[in-house]
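Let's take a friendly walk through a protein model. Have a look at the sequence and the 3D view, and then we will go through some of its parts together.

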Amino acid sequence: MKKIFSAILSLAAFSLAANVQVLAPSGAEFSPDAPSMVQSIVRASVSETGNTPVEGNAEIQLRTNVMTMGSSFVVVCEQVKDGAVVGSGKQKAGSIDDLDVAIEGAVKSALANTANNSANANDDAYASTTSRSEPDVVVYVPAERNEGDPNDNFAHKRPTRNYVSYGLGAALWHNYDYSEKSCKDYEGDNKTACHKARDVDQDWEQAFVFHYARIFEVIPQAAITIVNNMNMSFGEEWQWHETFLLGGRFFPSTGVITPFLGAGVGLGLQFDDHYYDADEGFAIGLAAGAELGVIFFRNSATQLEVGFAWDALWDGFDSFDRRFGAGSFYIAINY
């Protein structure tokens, strides 16, 4: 008898299923395909409530607003009937990975009082009358909507995707030629002896590189970067070459595998044990660099990056005669 009664209730619920017009979402501006993605999730969530999502006009409308609060997302769904809000739901997602769960919860809350959900509630009540002493209470919390100027892009800020990058690799480093001016104050045999002791030709050596970066993707095609490449060589002579660059990256595409091109300027530091004079082997001054590479799994919260970088460091701030440089190849993890 219980099964027959449940079947009757299910048929009644099916017959009372409501058509829900899913309106285009607002505020979903974190990526070019975000509006269509959010609307698809909303339609799927409406179907899960037992109602029927439709594109044309319907007695019940569901409108969705996705807002950002820092790095979090707030989803507000409102059930509109005859021009009045008769139900609403609000959910918060800590990251974009949890946005679908927040949308589903907000939709179910907003449609909690539709005819179909009421039938489901009656079915639940029959199944649990022996263990429940109090009826369910649904509380509707009115959601505060942002009614600002839709043409004001500053009011609709896009959330920034931030990454920390760590990598290791190999580098080819060079110093500068010190042969011409190292013994200008000497004459004769003393000058010859000086050249033998002090001359340093431009040298190229292999080195290790440690790569660190902060990546702030302000839009899908561009990012602001802070890059630190540290090169160390432990051959016959010891050297340490390090640059700190502030710049940016350009992404020609937004796919899963994305190439990038970047550049930056900043400061650098150099210790080089090739030189007789300590002043020549120590440098601090302006630096600049460029980078080229590929990011794998760019749509993931954890990415794999393969890159090439070249940076130059000039000793001092008023002369470009003494220039150190390094080219690096590295593999990094961005998360």
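Helices α2 and α3 make a right-handed crossing (the near helix is turned clockwise from the far one by less than a right angle). Keep in mind that this is a predicted model, where local features need pLDDT of at least 70, side-chain atom pairs count only at pLDDT 80 or more, and totals for chains, interfaces and linings use all residues. Residues are numbered from 1 along each chain as its sequence is written, and side-chain values use heavy atoms, with hydrogens and water left out.

Helix α2 covers residues 34-48 and helix α3 covers residues 99-110; their axes come within 9 Å and cross at roughly 45°. That makes α2 oblique to α3. (Angles under 35 degrees count as roughly parallel, over 145 as roughly antiparallel, 65 to 115 as roughly perpendicular, and the rest as oblique. Axes are lines fitted to C-alpha atoms, for helices over the stretch in contact, and angles run from 0 to 180 degrees between N-to-C directions.)

Which residues in α2 meet α3? They are M37, V38, I41, V42, S45, V46 and E48, and their partners in α3 are L99, D100, I103, E104, V107 and K108. Contact here means heavy atoms within 4.5 Å.

## The nonpolar cores

A nonpolar core is a set of buried Ala, Val, Leu, Ile, Met, Phe, Trp, Tyr and Cys residues joined through side-chain atoms within 4.5 Å. The largest one has 23 residues, and V42, V46, L62, V75, C77, I103 and V107 touch the most other members. Elements β1 (19-22), α2, β3 (60-69), β4 (72-81) and α3 each supply at least two residues of this core, and α3 gives the most, with six residues. Leaving out residues up to four places away in sequence, V46 touches V20, V22, N51, T52, P53, L62, V107 and L111. A second, separate core of nine residues includes A223, I295, Y330 and A332.

## The whole protein

The protein has six helices and 13 strands (DSSP runs numbered from the N terminus: H or I of at least four residues for helices, E of at least two for strands). Of its 335 residues, 38% count as buried.

## Buried or exposed?

Buried means under 20% relative accessible area, exposed means over 50%, and partly exposed lies in between (1.4 Å probe, protein chains only).

| Residue | Relative accessible area | Class |
|---|---|---|
| S72 | 14% | buried |
| F297 | 47% | partly exposed |
| V265 | 55% | exposed |
| D82 | 69% | exposed |

S72 is found in strand β4, and V265 lies in strand β10 (residues 258-272). The C-alpha atoms of V265 and L246 are 5.6 Å apart in space, while the two are 19 residues apart in sequence.

D82 lies in the loop between β4 and β5 (84-93), and its phi is near 55°. F297 sits in the loop between β11 (282-296) and β12 (303-314), with phi near 60°. Most residues other than glycine have a negative phi.
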